Amino acid sequence: MKKTGSQILLECLRLEGVETVFGYPGGTVINIYDDLMDSPITHVLNRHEQAAVHAADAYSRVTGKVGVAIATSGPGATNTVTGIATAYMDSIPMVIISGQVPTPLIGNDAFQEADMIGITRPVTKHNYLVRDVKDLARIMKQAFYIARTGRPGPVLVDLPKDVQMDSAIFDYPETVELRGYKPTVSANPRQLNKAISMILAARKPVIYVGGGATLADVSDDLLTFAETIQAPVTTTLMAMASFPQTHELSVGMLGMHGTFYANMAVTESDLLITLGARFDDRVTGKIATFAPHAKIIHVDVDPTSIKKNVRVDLPLVGMLQDVLPRLNEGLLKHADEVQEVVAATVGWREQIVKWKEQHPMAYKQTKSTIKPQYVIEKLRELCDEDAIVATEVGQHQMWTAQFFDFIKPRTFVTSGGLGTMGFGLPAALGAQAAFPERQVIDISGDGSFQMNSQELATLVQYRLPVKIVILNNNFLGMVRQWQQLFFDKRYSQTCMELPIDFVKLAEAYGATGMRATKTEEVEEMIKKGLATPGPVIMEFKVAREENVLPMVPAGAGLNEMVLAS
Amino acid sequence: MKHTITVLVENEFGVLPRVSGLFSGRGFNIDSLSVAPTLDPSISRMTIVTTGDQKILEQISKQLNKLIDVIKVIDFTNQNYIEREMLMVKVSAEAESRAEVLRVADIFRAQVVDVTPRSYSLEVTGTPEKLDAFVELLRPLGLKELVRSGPIVIGRGPKAWRSVD
Ligand SMILES: Cc1ncc(C[n+]2csc(CCOP(=O)(O)OP(=O)(O)O)c2C)c(N)n1
């Protein structure tokens, strides 16, 4: 039997196991929305297309499935671009469906036409313009396959209105044939053996873990690996939750706002075992002084990541799901030598403990004014172990990375690569849609919150009980910090002069709002906020000019940190 | 340093901007690019000439490989290969220079493809260096218009780059 393009699209989604999509209707997707009424797929109506993409992105980040968002042509589609770029930078598997004007009108500056293939080319893993309904099923199959395999990423499918209305026999292909795309690489055994020899020869090894480990779901293998060789583990922002931050081998985050001990460990290390990380400039600081004494092993599924920023002594192209278990097996075969390494690295671990004692993560507590770090510590103490935390971008995001000890994988959702303010609230929404029963918290600043605050309406409408923590400093705090440190305290356009009543804002949307202004109120309010049903805004008036420390100034080496006094 | 890269791609619309975008996105100039279908009409072969440092070229080559529509990337830079480019040129050929133009054409084995009382159009193939020399000799005689195809290359020896191996 023949089906229309829009029916085929929804069938493909269903066959790909998609249960929930996020989106916003309009003229060129009206057929899809009509057929959606007869489809088992749940649709969440966000209040902005950017938010719909962030929500679908976070849905993917917490479930590991491909996130799906739908937008209409023109302004709807261009609104998705920040969301797509955010997902692209963090390698999140997504399929974005954009409506397009009918094929005969493409290129005519038709009403609500935008060249989405051109616009999204640099921020998608791949994109498709569907010109014939007969190609739609194959393209959808490929889109999902490309999104989720290899180094994952967003794929956009631009679907003209006439293609949605045309009919074809529906036949979903079982396999994908893409001769230019062979993503499942198995690591070269000789390289693997070399890696093992290097590990067995190391005396100051450090395991440096990136977002690839989160995406590959290898937390268990990583734990085994680290415990076997007893090496300290440092994680990037994208990998905080892939290794328990409470583990004795954890040294927390490295880089610009990393811990003293992580940055010292990397600087002194003689072997850096890099797993699914990409040596971002926020991580390395000045390249010339990054891990100067270390040999570098770099495991990554994406060959373009290897040797892009730093020299690499042993490249290992492969999937972590394949490489880590094989490394662990290999080490098992060398049990005696492993024991020797563990014994020979006692001094190294002692050194790390010394660094931890010398400069632990700390802040100065005050009697009355609330310290933002304190709120985060308390939150960790009081929320569930598997609570999902999303953040916006700014100081609050860094404090979350520093002071919220993540334990379970896929519980930390943050925009790392692009650093998109306005990500957190819709991301929390998407995470809550995936796990209605779990605690989901958005940690936000007053600035970022206002970039997508319209999503309060979506939360209330769909009864998604996200708890929003606003660390309100009345500043665009992170930029203000840079102005304080590097621009003589000239606070150009970073003071949010109009104070917002976030409690009233919550109430206007039918959510609950509460506010704390003193340290002593923090604990009670977090307890109350977490226990209150439905979406809640917990606003904390925090110390206005608190800084995120340690900090490696831009362009400096990791060992040139400005430390908390 | 000059690099000549051959890229086998799916013969589909929209592939060219993906490829060229990788270069422009990194501030790299494409000196020349030629593209046409291969023996297998579903595959097109691009020959790209660019200049740049080895490390960045390695990145670009990896990035090209990463494109879904790219089937194979061959960097001929350090290989044994044959390179040819085609050139067509319109030269003024008034009374006194007419013979000289033909003499130069003859030396370079160029064909006369169009003749008018005031001009010749010539066609020649060869290595880019040969074409450069040809152009320099014609320049004083009055070059009116010049068009070059950009080089295409093929490896020496029996090994063939056709599609997926
Ligand atoms: C969309 C977007 N615009 C601008 C920036 C630059 N930026 C980075 S952090 C920041 C300040 C964020 O302020 P706020 O959300 O209040 O958080 P705080 O730093 O005060 O915790 C700004 C403006 C950004 N990251 N994203």
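In which sense do strand 5 of chain B and strand 8 of chain B pair, and over how many bridges? The two strands, of which strand 8 covers residues 143–148, pair in the antiparallel sense over five bridges, where pairing requires that DSSP finds at least two bridges between two strands. This is a predicted model, in which local features need pLDDT of at least 70 and side-chain atom pairs count only at pLDDT 80 or more, while totals for chains, interfaces and linings use all residues. Residues are numbered from 1 along each chain as its sequence is written, chains are lettered from A and ligands numbered from 1 in the order in which they are written, and side-chain values use heavy atoms, with hydrogens and water left out.

**Strands in chain B**

- Strand 5 (residues 81–92) of chain B is joined to strand 7 (residues 119–126) of chain B by eight antiparallel bridges, strands being DSSP runs of E with at least two residues, numbered from the N terminus.
- Strand 5 of chain B also pairs with strand 9 (residues 152–155) of chain B, in the antiparallel sense and over four bridges.

- Six strands of chain A form an open sheet with parallel pairing, in the order 16-15-17-18-20-19.
- Its edge strands, each pairing on one side only, are strand 16 (412–413) and strand 19 (512–516) of chain A.
- Strand 15 (residues 388–391) of chain A runs parallel to strand 16 of chain A and is joined to it by two bridges, with A:Val389 opposite A:Phe412.

**Around the ligand**

- The shell of residues around the ligand (those with a heavy atom within 4 Å of it) divides into seven nonpolar, nine polar and one charged.
- Among the polar contacts (pairs of N or O atoms within 3.5 Å), an N or O atom in the side chain of A:His396 is 2.9 Å from an oxygen atom of the ligand, and a backbone N or O atom of A:Gly419 lies 2.9 Å from a ligand nitrogen atom.

**Where the chains meet**

- Contact (heavy atoms within 4.5 Å) links 19 residues of chain B with 18 residues of chain A.
- Together the chains bury about 1700 Å², 52% of it on carbon and sulfur atoms, buried area being the accessible area (1.4 Å probe) that two parts lose on being put together, summed over both.

How values were computed
Polar contact = N/O pair within 3.5 Å; in protein donor to acceptor, adjacent residues only side chain to side chain. Nonpolar A, V, L, I, M, F, W, Y, C, P; charged D, E, K, R; others polar.
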